[in-house]
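Q: I'd like to go through this one with you before I set anything up. Could you put the structure on screen, and then I'll ask as we go?

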Amino acid sequence: MKNRITLHVNGDSHELWVEPHAILLDVLRNDLELTGTKKGCGMGECGACTVLLDGKPISSCLLLAAEADGKEVITIEGLAHNGQLHPIQKAFIDHGAVQCGFCTPGMVISAKALLDENPRPTKEEIKNFILGHLCRCTGYVKIIEAIYSLRTDAVR
Amino acid sequence: MKTFEYVRPQTLREVSRILIEHAGTSKLLGGGTDLLVALLNGNQESPSRVVTLRDVPGLKSIHETKGQGLVVGAMATLREIERSELVNERYPVLSKAAGMIASVQIRNMATLGGNICNASPSADMAPPLICLDAKARLMGSEGERLVSLEDFFTGPGQTVLRPGEWLMEIIVPPMAKGRKATYLKLERSSMDIAIASVGAALTGTRGRVEDVRIAMGAAGPVPFRAKAAEALIEGKSLTPSLVEDAAVSAFGECRAITDLRASESFRREMIKVLTRRALLELAKE
């Protein structure tokens, strides 16, 4: 028996009927066709599914869609504005922090959460904040440098 | 994953009513970081009913009361505990332990109640809470009761919770002046559960240590205290040689098993090392 939920995603409100066992990640990707958020491991270990829920980074592969009822969700699609890349996205490109790009949406979302909370993180703080993200390509160095390069600006 | 009924109680009483009426076929949902993994993997029999605590008031609080000490609601997230000014200032071992669990994303979802009630032998919040003499406040059909956290776990994944009973909050008595505590966790990578862990607490008074607690995680079917090790150093002056004796005692008291993460002998050896390190850390005055 489906439940009706309201998701506020990237500023838009959606009323959806979802199965009780529906997972937020699947609803974002399949029902809302926001495929920027990726399914890596499906069990909260890799960080590819990271989205912001009421401003906090969470693993959307472990969240029942119904649990997000009434909450604000920000996905990678919500960062660029009027065709302009978000400063975090730009920094990732400028620093060579993107190779295959699979981990990138999750990393950028976490970077946003970190910089919103702490506009001047140290490299150690950045590393600790992204411990829940696996990257198979870059070796993480460029990702950390990209985020570090943003630290003098209070990006929102 | 098989479907279930998703239930959203709005009051404490509703939770109890549902759990009592549907004992055995309902699962409480906190952060979902254990339950969802188990359901997705098919490791657990699908419940008929998943009961979320998200709407129930009063379960998320982290506050201190003069009488009781620190009170942490079952639905307080690990990240909230990690970042709480109150906990960092007054019970820092708990922030430290919380911050060692998984990732920021997981900690934003995972709850203290979930970590405790999932009752993994390696639950990271258990050893430090046991060292601080924490109690669990339970709500059931016969009302409330307080259980010492040390007595809460009965086996891997098993607790003293009766049918229809659930955990509302954890209470930590105020830490005495001069009391120090630490938690050390051995893990292969940041996302792993502990291979072995040790929590320790003691009060240093005039060169002697009092009210010593040493609790081990991932070293037996439940988190438990190394009471012989504690007795060896209680009331004494903590010399390096005495620390070694306590570590060796903990080695002997360890009840670890061999599993995919480590052999029994490795765990036992690591418990000795972690006990030594924890006591040396606390002995530094």
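**Salt bridges, helices and the interface**

A: A place to start is R145(B), which counts as partly exposed because its relative accessibility is 22%. Please keep in mind throughout that this is a predicted model.

Q: OK, which side chain does R145(B) meet in a salt bridge?

A: The partner is E165(B), and the N to O distance in this salt bridge is 2.6 Å. The pair links distant parts of the chain, since R145(B) sits in strand β7 (residues 143–148) of chain B while E165(B) is in the loop between β9 (158–159) and β10 (166–172), 20 residues apart.

Q: And E165(B), buried or exposed?

A: E165(B) counts as buried, because its relative accessibility is 8% and the cut-off for buried is under 20%.

Q: How many salt bridges are there over all chains?

A: The search of the whole structure finds 29. One of them joins the side chains of E230(B) and R225(B) at 2.7 Å, N to O, and both of these residues are buried. Another joins R276(B) and E244(B) at 2.8 Å, N to O.

Q: Where do R276(B) and E244(B) lie?

A: R276(B) is in helix α11 (residues 264–283) of chain B and E244(B) is in helix α10 (residues 240–253) of chain B, so this pair ties together parts that are 32 residues apart in sequence. As for accessibility, R276(B) is partly exposed at 25%, and E244(B) is likewise counted as partly exposed, at 27%.

Q: Switching to the interface: how many residues of chain A are in contact with chain B?

A: On the side of chain A there are 31 residues, in contact with 27 residues of chain B. The two chains bury about 2,300 Å² between them, and 58% of that area is on carbon and sulfur atoms. H21(A), L62(A) and E67(A) supply 26% of the area that chain A buries against chain B, which is more than any other three residues.

Q: What about polar links across it?

A: Across the interface of chain A and chain B the rule finds three salt bridges, and it also finds eleven residue pairs in polar contact, with both residues at pLDDT 80 or more.

Q: Which elements of chain A give two or more residues to that side?

A: They are β4 (56–59), α3 and α4 (123–129) of chain A, and β4(A) gives the most, with four residues. By class, the side of chain A that touches chain B has 13 nonpolar, eleven polar and seven charged residues.

Q: Which residue of chain B meets E117(A) in a salt bridge?

A: R79(B) does, with an N to O distance of 3.2 Å. E117(A) and R79(B) also belong to a network of salt bridges that includes E82(B), R83(B) and R107(B).

Q: Let's move to the helices of chain A. Which residues of α2 are buried?

A: In helix α2 (residues 87–94) of chain A, the buried residues are I88(A), Q89(A), A91(A) and F92(A). Seen down the axis of α2(A), they fall within an arc of 160°, so they line one face of the helix. On the other side of α2(A), I93(A) and D94(A) are exposed.

Q: What covers that buried face, and what follows the helix?

A: The cover over the buried residues of α2(A) includes α3 and α5 (141–148) of chain A. After α2(A) comes G96(A), which has a positive phi, near 65°.

Q: Then α5(A): which of its residues are buried, and what do they pack against?

A: The buried residues of α5(A) are I143(A), I144(A), A146(A) and I147(A). Their directions from the axis of α5(A) also fall within an arc of 160°, so they line one face of the helix. These residues pack against α2, α3 and α4 of chain A.

Q: Last one, A113(A): where is it, and is it buried or exposed?

A: A113(A) is in helix α3 (residues 104–117) of chain A, and A113(A) counts as buried because its relative accessible area is 6%. Leaving aside neighbours within four places in sequence, A113(A) is in contact with L52(A), G55(A), P57(A) and F129(A). L64(A), 49 residues away along the chain, has its C-alpha atom 21 Å from that of A113(A).

Technical notes:
Residues are numbered from 1 along each chain as its sequence is written. Chains are lettered from A and ligands numbered from 1 in the order in which they are written. This is a predicted model: local features need pLDDT of at least 70, side-chain atom pairs count only at pLDDT 80 or more; totals for chains, interfaces and linings use all residues. Side-chain values use heavy atoms; hydrogens and water are left out. Buried means under 20% relative accessible area, exposed over 50%, partly exposed in between (1.4 Å probe, protein chains only). Contact means heavy atoms within 4.5 Å. A salt bridge is a side-chain nitrogen of Lys or Arg within 4 Å of a carboxyl oxygen of Asp or Glu. The arc is that of the directions from the helix axis to the C-beta atoms. Buried area is the accessible area (1.4 Å probe) that two parts lose on being put together, summed over both. A polar contact is a pair of N or O atoms within 3.5 Å; within protein, one must be able to donate a hydrogen and the other to accept it, and residues adjacent in sequence count only if both atoms are side-chain atoms. Ala, Val, Leu, Ile, Met, Phe, Trp, Tyr, Cys and Pro count as nonpolar, Asp, Glu, Lys and Arg as charged, and the others, Gly among them, as polar.
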